[in-house]
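Good morning, and thank you for the time on today's agenda.

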Amino acid sequence: MPFKFPMTIVAVREFLTNSLAKLSADTLGWLAAIVLHCATLPTFLALMTGLSDKTPGLDMILFLWSGLVLLFLRAVVLRDMLNIITIGFGFILQAGFMALILFK
């Protein structure tokens, strides 16, 4: 009966080099989209609660939204449903926050 231990090590090494790298890259991309959405959250919450009357700079908002639109288009091209849903949901929340601030 042959000893199977070296095959297990080879299988684990193959998983770590092939699958784990892709999972890590996808997870980091998803986390990047969430962090970009959260960049303006403290300012929006401070405006809505009345703690501050200073709005975020328009250039910062435009750059953030441009980056998110590019990430959204990348997700559409790759048919990455997790990022499409995450970024789309973030756009809806940010638009809602802006509407609450504007029409308050």
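In α3, the residues I61, L64, L68 and A75 are buried; buried means under 20% relative accessible area, exposed means over 50%, and partly exposed lies in between, with a 1.4 Å probe and protein chains only. These four cover an arc of only 70° around the axis, which puts them on the same side of α3; the arc is that of the directions from the helix axis to the C-beta atoms. As a reminder, an α-helix has 3.6 residues a turn, so residues three or four places apart point the same way. On the other side of α3, the residues L58, D59, F63, L70 and V77 are exposed.

The model is predicted, so local features need pLDDT of at least 70 and side-chain atom pairs count only at pLDDT 80 or more, while totals for chains, interfaces and linings use all residues. Residues are numbered from 1 along each chain as its sequence is written, and side-chain values use heavy atoms, with hydrogens and water left out. Helices are DSSP runs of H or I with at least four residues, strands are runs of E with at least two, and both are numbered from the N terminus.

For the 21 residues of α3 that gives 30 Å, and the end C-alpha atoms are 30 Å apart, which agrees.

Also in helix α3 is V69, which is partly exposed, with a relative accessible area of 37%. The C-alpha atoms of V69 and G88 are separated by 9.5 Å, and the two residues are 19 apart along the chain.

After α3 comes R79, in the loop between α3 and α4. R79 has a positive phi of about 55° although it is not a glycine. R79 is also exposed, with a relative accessible area of 72%.

Within helix α4 we find I92, an exposed residue with a relative accessible area of 59%. I92 and L51 are 41 residues apart in sequence, and their C-alpha atoms are 24 Å apart in space.

**Aromatic contacts**

How many aromatic pairs does a search of the whole structure find? The search finds three. Rings of Phe, Tyr and Trp (its six-membered ring) pair if their centres lie within 6.5 Å; planes under 30 degrees apart count as stacked, over 60 as edge-to-face and the rest as tilted.

F44 and F97 form a tilted pair, at 6.2 Å centre to centre with 45° between the planes. F44 lies in helix α2 (residues 41–49) and F97 in helix α4 (residues 81–102), so this pair ties together parts that are 53 residues apart in sequence. F44 counts as buried, at 5% relative accessibility.

The rings of F72 and F91 have their centres 6.3 Å apart and their planes at 70°, so that pair is edge-to-face. This pair links distant parts of the chain, with F72 in helix α3 (residues 58–78) and F91 in helix α4, 19 residues apart. F72 counts as partly exposed, at 25% relative accessibility, whereas F91 counts as buried, at 15%. Together with W65, the residues F72 and F91 form one aromatic cluster.

**Pocket and cavity**

On a 1 Å grid over the protein atoms alone, a cavity is a set of points where a 1.4 Å probe fits but cannot get out, and a pocket is an open set with protein on both sides within 12 Å along at least five of seven lines; lining residues have an atom within 4 Å of a point. Grid points are joined across faces, edges and corners, and a volume is the space filled by probe spheres set on the points.

The largest pocket has a volume of about 180 Å³. Its lining includes F44 and F97, and the largest share, six residues, comes from α4.

For cavities of 30 Å³ or more, the search of the whole structure finds one. The largest cavity has a volume of about 40 Å³ and is lined by G29, L71, R74, A75, N83 and I87. α3 gives the most to this lining, with three residues.

Conventions. The expected span of a helix is 1.5 Å times one less than its number of residues.
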